[in-house]
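I opened the model to look up its charged pairs and its strand order. My entries follow.

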Amino acid sequence: MSNKIKIKIITPERLFFDGEVDRYVVDAKGATGGFAVFTNHSPLTTEIGYGTITLINEEEERKATVFGGFALVQPYETIILVDVAEWPDELDIDRAMRAKERAEAEIAKSDSEFEMARISLMKALVRIDLANTADKMKK
């Protein structure tokens with residue numbers, strides 16, 4: 001049996017990733033928090049919130065944002081269904097910064113829809129963090 005995990009990451013718009021990895025780490029705040037998966041992981045179904053996923057092969061790592069979904073983990077295969085997944089080069093950092101500023105302004109208002117503004121802020125911060133991390137890795 002291979003020491004790799006087959007993983008598919010699917011959004012409503014596209015098949016975001018379909019390949020094999022040594023392991024992966026989901027750092028997306030959900031009902032169970034973040035988690036790491038290695039080959040032969042115990043079966044698990046879990047919620048994925050807002051954050052990142054890191055796909056790891058030997059010494060290579062690829063990181064992407066993931067927003068809202070579920071993961072079905074089996075010993076040698078994982079299927080992740082999320083609303084949004086983005087590679088660093090797909091991010092519009094200026095748009096994320098504007099969304100962050102709008103969300104912070106909405107949160108500051110007493111009559112705002114706090115939960116929607118909080119979610120917008122979380123998404124913007126994840127995108128900004130990944131963009132900054134990707135820039136540092138290029139150097």
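I began with Glu104 and Lys100, whose side chains meet in a salt bridge at 3.2 Å, N to O. My cut-off for a salt bridge is a side-chain nitrogen of Lys or Arg within 4 Å of a carboxyl oxygen of Asp or Glu. Both residues lie in helix H1, 4 residues apart, about one turn of the helix. I took helices (H or I, at least four residues) and strands (E, at least two) as DSSP runs, numbered from the N terminus. Glu104 is partly exposed at 36% relative accessibility; that class lies between buried (under 20% relative accessible area) and exposed (over 50%), with a 1.4 Å probe and protein chains only.

The model is predicted: local features need pLDDT of at least 70, side-chain atom pairs count only at pLDDT 80 or more, and totals for chains, interfaces and linings use all residues. Residues are numbered from 1 along each chain as its sequence is written, and side-chain values use heavy atoms, leaving out hydrogens and water.

I searched the whole structure and found 5 salt bridges. One of them joins Lys6 and Asp18 at 2.7 Å, N to O. Lys6 lies in strand S1 and Asp18 in strand S2, so the pair ties together parts 12 residues apart in sequence. I also looked up Glu90 and Arg14, which form a salt bridge with the closest N and O atoms 2.9 Å apart.

Next I read the sheet. It is open, with 7 strands in the order S2-S1-S7-S6-S5-S3-S4 and mixed pairing. I counted two strands as paired if DSSP finds at least two bridges between them. S2 and S4 are the edge strands.
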